[in-house]
Protein chains: 2
Amino acid sequence: MSRRSGVLEFAVLGLVRESPMHGYELRKRLNTSLGVFRAFSYGSLYPCLKTLVQQGWLAEEPGGDPGDPRGTPLSNRRAKIVYRLTAEGKERFEELLSQTGPDAWEDEHFGVRFAFFGQTSRDVRMRVLEGRRSRLEERLAKMRASMARTREKLDAYTLELQRHGMESVEREVRWLNELIESEREERDRRDQRDRGDTTT
Amino acid sequence: MSRRSGVLEFAVLGLVRESPMHGYELRKRLNTSLGVFRAFSYGSLYPCLKTLVQQGWLAEEPGGDPGDPRGTPLSNRRAKIVYRLTAEGKERFEELLSQTGPDAWEDEHFGVRFAFFGQTSRDVRMRVLEGRRSRLEERLAKMRASMARTREKLDAYTLELQRHGMESVEREVRWLNELIESEREERDRRDQRDRGDTTT
DNA sequence: TCGTTCATGTAACGCGTTACATGATTGC
DNA sequence: GCAATCATGTAACGCGTTACATGAACGA
């Protein structure tokens, strides 16, 4: 069955979709370009690429550097393998993009989801953002409850740690609120335009 | 060799040190009391307890609930196992506490370290805080560099994600600055007192 | 008595890393 | 020629989770 839910699969599909790449470069992009992804090692990346090829979502293409203008592969100028997204792979990626279940709200997953928001419908975006927000609010509630229960018994450092932790979560909630608000505004503005914009 | 570096071991030793406990309660404390620890499952906790006993750091004690006043175990009123820290366990914990190497600065580890700061010398505290800070500053530098390189090519969402990520890190750096500053002040005040406080 | 929570454990698996092995290409 | 870095891969292991199994104690 190979649940293969992983963040890696998602990120790889999304990155390769933007432009074909070989593994080594893919890894750099995971670290830097999309700043928030964690640094996966080759030990995870290459096996993952293999299975994605097996699934038929990626296709291997031997050949020169895709970003390299001096075309003419004089003989077989490199053992590079360039991966590109197949039609099925694109479908798969879109399927992953459209999922708005609880998985999409977890810390790791959410980061990737957000990074690919540009390729998503506003509906999905709002659902993911709102899901994430309510998840964080649940977490906040628990933290507050636990703090109320244990406040007096804890030393200054533990307390400070909890305080800072809570503040971080609260801060992310505010961030989400802004994002949701701006999505809403955009949507409303668009609706108005579509209806003929009679009110001004 | 069983490197057993894990956060779990550290947290368990620290919690059991405060007061003997059985596994089930230990787990609740990992989730809530020390708010920041992640929620370990029993599947990790119980095996961990076992190995800690094997190492001689914890001792099992059958018997009633430690926080239960009605002593008299009528027959053998429960299959509970209460764990307490042995002398070697205390030594081990102190050894872990005194480590100021790079491990102590990693995200997960740092949280636990901080939670037990109350049991640490100011020297160690400052080293850990400063280590953590410089690690975050390295990270910031990388993020800034990467953003400078890729700014134009990225869509609004990716950019926003990076911006928010950077702001989070910057915020933690400010937090650390305050903590370090207050540690420094306390130290200076103490030094002054010890020297006779001639200047006023 | 019957469901819930307390309490302990294990086996299979997921997902990733580390350390290792290999070799081509580039720049000095 | 030689070092650095680009580039691809694998085997062993670490560390944790899920799902399962078991049973005592408690409250309605």
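1. Axes here are lines fitted to C-alpha atoms, for helices over the stretch in contact, and angles run from 0 to 180 degrees between N-to-C directions. Keep that in mind as you look at this predicted model. Helix H1 (residues 7-18) of chain A packs against H5(A) at an angle of about 10°, and the two axes lie 10 Å apart. Angles under 35 degrees count as roughly parallel, so H1(A) is roughly parallel to H5(A).

2. Now for the residues in that packing. From H1(A) come Val7(A), Phe10(A) and Ala11(A), which meet Glu108(A), His109(A), Val112(A) and Arg113(A) of H5(A). Sorted by class, this contact has four nonpolar, one polar and two charged residues.

3. Next, have a look at how the chains meet. Chain A puts 29 residues in contact with 29 residues of chain B. Between the two chains about 2600 Å² is buried, with 61% of that area given by carbon and sulfur atoms.

4. Which elements of chain A give two or more residues to the side that touches chain B? They are helices H5 (107-115), H6 (122-150) and H7 (156-195). H7(A) gives the most, with 14 residues. By class, this side of chain A has ten nonpolar, eleven polar and eight charged residues.

Terms used: Residues are numbered from 1 along each chain as its sequence is written. Chains are lettered from A and ligands numbered from 1 in the order in which they are written. This is a predicted model: local features need pLDDT of at least 70, side-chain atom pairs count only at pLDDT 80 or more; totals for chains, interfaces and linings use all residues. Side-chain values use heavy atoms; hydrogens and water are left out. Contact means heavy atoms within 4.5 Å. Buried area is the accessible area (1.4 Å probe) that two parts lose on being put together, summed over both. Helices (H or I, at least four residues) and strands (E, at least two) are DSSP runs, numbered from the N terminus. Ala, Val, Leu, Ile, Met, Phe, Trp, Tyr, Cys and Pro count as nonpolar, Asp, Glu, Lys and Arg as charged, and the others, Gly among them, as polar. Angles under 35 degrees count as roughly parallel, over 145 as roughly antiparallel, 65 to 115 as roughly perpendicular and the rest as oblique.
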